[in-house]
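I am opening a notebook page on a structure that is new to me. My entries follow the order in which I looked things up.

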Amino acid sequence: LGLKELMEIEVSENVIQVHLNGLLQTNEKIALKEITRQLNLDNVVEDKVFGSFAENLSFLLEALQKGDRTSSCPVIFILDEFDIFAHQKNQTLLYNLFDISQSAQTPVAVIGLTCRLDILELLEKRVKSRFSHRQIHLMNSFDFPQYLKIFKEQLSLPAEFPDKAFAERWNENVHCLSEDSTVLEVLQKHFSVNKNLQSLHMLLQI
């Protein structure tokens, strides 16, 4: 919410956000394609061949630069389900993002979101050495009705969904699902054991 407010009030026109999710970008190749798509640089890459992930990522960020650090376009990488990225092979994505963020040429910030309090223990030594170690702890304080509302929001289709009739039927079914006694019992047990939303997302994914 804080980042959303900041983007709306002060820097929305001067900063590019790239959102990645560990549940979706399951390897560096998929992550790179998503980064390219969100930076709108598909036409720049085209058929170019790169020797490594680092070279490709550096090329993408250089394509946004107009000169030095003061005139380049800043990029904020927001990594949801951050701990899943930490379980990827060699943590290549994290290493290169953190490494580039320390470059004098590329204004990059990396924000990782996770429910794991032991996340630093999951990072490789070379990755940890480039991490700022700045952590902000947020504790969930919502009750079960709010948890149920989040459950419905996660499954519902947005208002801008192209097929309005389908979205209406889908959301109506989600509403019915949220009132089903068996579903409520499962959610109540889940809520009693673990309030974190990552756990809810994993349940919904299954």
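**A strand and its partners**

I began with strand E2, where 5 of the 6 residues are buried, so E2 is largely enclosed by the rest of the structure. By "buried" I mean under 20% relative accessible area, by "exposed" over 50%, with partly exposed in between, for a 1.4 Å probe and protein chains only. My helices (H or I, at least four residues) and strands (E, at least two) are DSSP runs, numbered from the N terminus. I note that this is a predicted model, in which local features need pLDDT of at least 70 and side-chain atom pairs count only at pLDDT 80 or more, while totals for chains, interfaces and linings use all residues. Residues are numbered from 1 along each chain as its sequence is written, and side-chain values use heavy atoms, leaving out hydrogens and water.

Which strands pair with E2? I found that E1 (residues 16–21) pairs with E2 in the parallel sense over 6 bridges, and that E3 (residues 108–113) also pairs with E2 in the parallel sense, over 6 bridges; two strands pair if DSSP finds at least two bridges between them.

**Two residues with positive phi**

I then looked up Glu81, which lies in the loop between strand E2 (75–80) and helix H5 (82–86). Glu81 is not a glycine, yet its phi is positive, at about 55°, and the residue is buried, with a relative accessible area of 4%. Gln91, in the loop between H5 and helix H6 (92–101), has a positive phi of about 50° although it is not a glycine. Is Gln91 buried or exposed? I recorded a relative accessible area of 3% for Gln91, which is buried.

**Helix H10**

My last entry concerns H10 (residues 164–179), whose buried residues are Ala167, Val174 and Ser178. They cover an arc of only 40° around the axis, taken from the directions from the helix axis to the C-beta atoms, which puts them on the same side of H10. On the other side of H10, I found Glu168, Arg169, Asn173 and Glu179 exposed. The buried residues of H10 pack against helix H9 (144–155) and helix H11 (181–193), where contact means heavy atoms within 4.5 Å. At the start of H10, I noted that a side-chain oxygen of Asp163 comes to within 3.4 Å of the backbone nitrogen of Ala165.

Definitions and conventions
Polar contact = N/O pair within 3.5 Å; in protein donor to acceptor, adjacent residues only side chain to side chain.
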